[in-house]
Amino acid sequence: MLLDVQKINKSFNVNKKEIQILNSLSFSVNHNEIVSIYGASGSGKSTLLNIISGLMSYDSGSILFNEKLMNSEFDFIEFRKKDLGIVFQEDHLLMEFTAIENIMLPSIISGKSKKRAYHIACDLLDQFGLLHIKDSYSNTLSGGEKQRISILRAVINKPKIILADEPTGSIDESNKEQIFSLFKEIVKEYDASILIATHDNNVSKISNKILNLSKGKIN
């Protein structure tokens, strides 16, 4: 098992009232698996991903990644550098950088030289049929191309798990199929697992496991 989430609770204080967002939530993600979590807006999907990535604390429960407890002693900075990739609904590409430069960034941050990062990014673009746009700036790319570049940026360090928050939320139907194909290839080629938070039923086509999040719990 790659990720084991057990009885996670999370609440926020809003106008002096405690709002329970996650309520004894439990699920797991195995190696080489695509897991989709469905839930309406405000159901806690993004909160859950923020907790797993270490950007937000939780009130109680436990999370294990590769059998290591993700607690106050867990090295979340190293985890985000080497083992975690994040894909957002919006591409968050840097407009002043080309496609390949955007993809290179996590590799450089993790300590690789620019030359090495460039070669890795080139290989990625070539492998997934996007080499022809490597020198294009984001404002010249289509929505689907931007999202695929952001996904390659998330996988350049060969993370063990990718968290995808509504990755098909801002693209059309034809581009969704390309994103789905890319996710399947990444799992196969990079020995990765993907956890997708979504309200798009189409994601079920590529999911090994489908979970429903409602009232803070997985049903």
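Analyst: In helix H5, the residues Gly144, Glu145, Gln147, Arg148, Ile149, Ser150, Ile151, Leu152, Arg153, Ala154 and Val155 are buried, where buried means under 20% relative accessible area with a 1.4 Å probe, protein chains only. Helices are DSSP runs (H or I) of at least four residues, and strands (E) of at least two, numbered from the N terminus. This is a predicted model: local features need pLDDT of at least 70, side-chain atom pairs count only at pLDDT 80 or more, and totals for chains, interfaces and linings use all residues. Residues are numbered from 1 along each chain as its sequence is written, and side-chain values use heavy atoms, leaving out hydrogens and water.

User: What do the buried residues of H5 pack against?
Analyst: They pack against strands E6 (84–87) and E7 (161–165), and against helices H3 (99–109), H4 (114–127) and H6 (173–190).

User: Which residues touch the most other members of the largest nonpolar core?
Analyst: They are Ile149, Leu152, Phe183 and Ile186, in a core of 39 residues. Such a core is a set of buried Ala, Val, Leu, Ile, Met, Phe, Trp, Tyr and Cys residues joined through side-chain atoms within 4.5 Å. H6 gives the most to this core, with seven residues.

User: Now the strands: which way does E1 pair with E4?
Analyst: E1 (residues 3–14) and E4 (residues 60–65) pair in the antiparallel sense over five bridges; pairing requires at least two bridges found by DSSP. Glutamine 6 stands opposite serine 62 in E4.

Conventions. Buried < 20%, exposed > 50% of the residue type's maximum accessible area, 1.4 Å probe, protein only. Contact = heavy atoms within 4.5 Å.
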